[in-house]
Amino acid sequence: MSTTTTKKKPIHGLVDLVFSWSLKDALNKNLYRDKVKEIPETFISIDHYLKSYITPLVEETHADLLSCISTVSRAPFVEVLDVVKSVNFEAPKHLYYQILIKSATEGEKIETQYKPENGDLIALSDVRPRRIDDLNRPQRSYLIAIVQNMNDEDDEEWIPILSSNLIPFQQQGDKLFVVYLSNLITNIRIWNALHSDPDNANRKIIKTVLQNDVTNGEVDCTRCSGKETKTDVISNSSGIIQSFGLDDAQQEAILSCIATRECDHRNMVKLIWGPPGTGKTKTVASLLYVLLKMKCRTLTCAPTNIAVLGVAKRLMQHVQDGLEYDTYGLGDIVVFGNGERMKIGDHEDLFDVFLENRVDVLASCLSAKDGWKSSVQSMICLLEDPEEKYRKYLEKDESKEHDTNGNKDTNDDDDNEEEVKGSVSNDESSLSNKDGKINAQGLVDKHRKNKLWKRYVLEPLKENKKKGSKDKKSSQRRNNSRAEGDSSNKEANVLTFEKFVIKEFKWFINHLLFCLPSLYTHVPTSFMPLETANVMFRLLKNLQTLETLFATTETFERFKEVLLGIDTTNKARRFANLHESKTECLEMLKFLNEHLSLPTFSKYFKPPIQSFCLKGACLIFCTASSSSKLNMQGMLPLEMVVIDEAAQLKECESTIPLQLPGLRHAILIGDEKQLPAMVQSKICEKAEFGRSLFERLVVLGHKKHLLNVQYRMHPKISLFPNNEFYQKKIMDGPNVKAEKYEKRFLTGDIFGSYSFINVSSGNEEQDERHSTRNKAEAFVVAEIVANLHKESISSKQKVRVGCISPYKAQVFAIQQILGKKYSTDVKSDFSVNVRSVDGFQGGEEDVIIISTVRCNGNGSVGFLSNLQRANVALTRARYCLWILGNGTTLVNSGSIWKNLVIDAKARGCYFDVTDDKRLNQGSLNATIELQHIETLLTTDSPLFQTAKWKVTFSEDFTKSIARIKDAEISKEVMTLLEKLSSGWRNSEKNNMFNNKSGNSSVLLEVYNVKHLKLIWTIDIQKQNSRYLQVLKIWDIIPGYYIPKLAKDLDIHFGQYTVDMMNRCKYKRVERYIINIVFPMTWLIDGNVISTRRSSANRDQDDNLACQLEAMNLRDKPGSSRQ
């Protein structure tokens, strides 16, 4: 979109600064440390206010560039094929070039191809950089450039850039790569706003926010409050507002904003405080709907595309419900921005209000050559005098024959070309009555609409992108062959009067069926009165009726006479309404031709159409950064700006929309208790560069209207954040207190509405980007998700799951474990989305699982302790919130998380991962995957939480299991150990060694684990005053090592007495319990049992053994879990 020329100097101001940095400067993190001053809370002047942000902005730009250069080896890149100087190239300052980039060839991965965009800061290198030094090589010094002035119509392979230095490039033999570093577009726009011309800029609201009047916007204006118009407006608005089902606080907020709009002698800034789940978006959308009805020209902006789309979609729900005349009125609403970044294709409900789509449609409808006006006039000619049209057709057909015979290559004039389109196109005739009808309200059937959209919008767009001689030659060949075909088949192709009229009519009606709904949908109502739109509705219905009548009279031999109304015979009377319908259509067509005055545009130059749409719109939606495009010459003034998620917008960035022409009032909606804008530079963070205007005004005591009822979280979830962050000011809505809001997605108390699950077996570590992760927690998250999925399938219950962590490394770890098993589409029956806390702000899911990650002895939790981040994480869930973490670490942190753990314990919501068998298994899997098996080979291992047998391990086994890298084998071994410790025994006969001379042969057990053998025996240990049977795990080895191990065990057991060997052989089983063996114990009489004891003593021992019950290994009070 074009901008005024006065902006060029400030744009180059920031770019020149960036260009002035050497690579050494760019890598110097302290370059601006002593220059950045803390941004104050109050300012002495507008000049002081704007200048306070300039140096921090430069430092933030520098910090972002430093971060990007540091990771240049992973940066997107593309090869350059050619470099040419632009027409406005002027050394040494204006080094404008066009670079030709290599397009992805067939077979290459398109997603890896870097596609430059406006504002991209790029590095130019003769090699693909794999380290920082590659950007500054002896053959080519540090060279950067910025992509500028790319238009949608530009060839995507030729990129316009402004370079920091001359680009040495010889087309033959030279290699050149473009490497993406950063995008400066937002910072350039902020720079422009901070350097706005005081004589031309609208600084009324800026002056207002610099005042120390904390009551601004909250006290009724005494001058305006008595006005009848203000009272009437508020009264009329109340009826609309009440229909939205808003609570008292939401209604009061909207009415207060409406009253503000009616104050015309002062500028006001209002704050609406919307904590999580309080219906902030619903309130904003309701306010905007009222402003739309009031024809109040309003800009709605937000920091991100997601936020913009969220409020626009909610508004469209109100608008669609309130439409009275098909889609008439949607032209007053515009959403604009980068379609790819916004993923507008995923939001069908916004297609009709998205600027890029609208421009493409109107480019066809408002074309000077073949737009709506041309079709209306051609249809009038056809219906008014079909004989004259047919005569011209015959003359043209004859002249075409002469042209072909004379080998002339002439183009038809525009009028004649239109006449034959309908008669030679099979595609046009295929869109007949069967494709759809216009209903009583004048709507075109959706299927037919889509076909017309493809023909008049998509196909021309594709054709417009085809450039080059190859396409021209192909087109010429097609034209020549068509001319030859027409000549050779002249007699066969000459149409009768009836066929000519009907086919002409079908072509024009199809174009009108596309154009008329497109016009009343996309043209602002200021250019399209309702009276005119009503004529269009009736015309569309009548044209459909006429089309049907044409189809029924086509074979009637007196078709011409009926059409002209001169056949009055009895046979023709049944077709009399054909003439009447034609006459009605003519009247309406002539009305539109005379009374509807719309501008015309070139199909292939979009900016004027964009300006037309934006100037006439009543509600405009975009990001705060993109709002700079509204600061154009000839732009109609705006009245109000509504900034959603205002607490996430840097105050310096808010100066972009706040200085737009005409603005009188600003409404800021946000919550300073949630996350602010992200700041790259630690220096800027300390200087309060990320602080929002919303937060600063709150700090100064500016009053804010609180939305005090939350409708998202189950009361058990909302309790802690409400107490900690909002001083118990938020009430739970009736919907969340209802019994049906109590949902259980998994069985067990641990999976209630609110739980803290202690995962003490984890271990925090840093990835290569110095972000923290805890894979044990990641595996537990995966186990929970797997169980949720299984339960969702069996219960046929739709579930949306969100997995949140403050650390990107943990997010990636969870995503890696989950893989692509589950859909991320929230419309599916089961969806899972894994994002950082920052990425989840503004979102919500049925179930939220938080992984806090930190696990250390000193209670260090880093930025996890940030209150705003904790608030966001804890307020995303609707029905269930499950928090994973190391309870000890969090308590020792002394942060908000200490309070949370203590609160969970007090409320009976604190659990251990070992309390649930499924989660315990997930924790064990994590330990195995991470090669931390040694932690499982201890008495207090979670592997043996419910063991009946004590398990001991030889040193050989510990070494062998550590050498196994196959996680599946390790898992199978651990599973087998767990089963053995529970008393399970394989009922099948094991491979016993028939070594009668060896002592171990009768004890040795061999269990198969894939290609390996687990070797174990029963052994005897002394424990307190008893002898105890234990499991002894000797080794995990290939089968051919067993004989050697058996000989070693013979030596070991050869030292045992006969009585001790017999105790190893004893087996105690319970009746009715199959394949379960319990350990036996014997009291020690104070003497060592020897082989020379009498048989009577042995019998006594045996009787004692039979009388003793098997002891659980965990015989301490309260420690047993059966």
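User: What makes the 7 strands an open sheet, and in what order do they come?
Analyst: The order is 9-10-8-11-12-7-13, with parallel pairing. Strands here are DSSP E runs of at least two residues, numbered from the N terminus. Strand 9 (333–335) and strand 13 (705–706) sit at the edges with a single partner strand each, so one side of each lacks a neighbour in the sheet. A caveat: this is a predicted model, where local features need pLDDT of at least 70, side-chain atom pairs count only at pLDDT 80 or more, and totals for chains, interfaces and linings use all residues. Residues are numbered from 1 along each chain as its sequence is written, and side-chain values use heavy atoms, leaving out hydrogens and water.

User: How do you know that strand 8 pairs with strand 10?
Analyst: Pairing takes at least two DSSP bridges between two strands. Strand 8 (residues 298–302) and strand 10 (residues 619–623) run parallel and are joined by 5 bridges, so they count as paired. T300 stands opposite F621 in strand 10.

User: Why is the lining of the second largest cavity said to have 3 charged residues?
Analyst: Asp, Glu, Lys and Arg count as charged. The lining includes K280, E645 and D671, so those go in the charged class. The lining also has 3 nonpolar and 5 polar residues.

User: What does L519 touch, not counting residues up to four places away in sequence?
Analyst: Contact means heavy atoms within 4.5 Å. L519 touches L362, C365, L366, W372, M528, M536 and L598.

Key
1 Å grid on protein atoms, 1.4 Å probe; cavity = no way out; pocket = protein on both sides within 12 Å on 5 of 7 lines; lining within 4 Å. Helix = DSSP H or I, 4+ residues; strand = E, 2+ residues; numbered from the N terminus.
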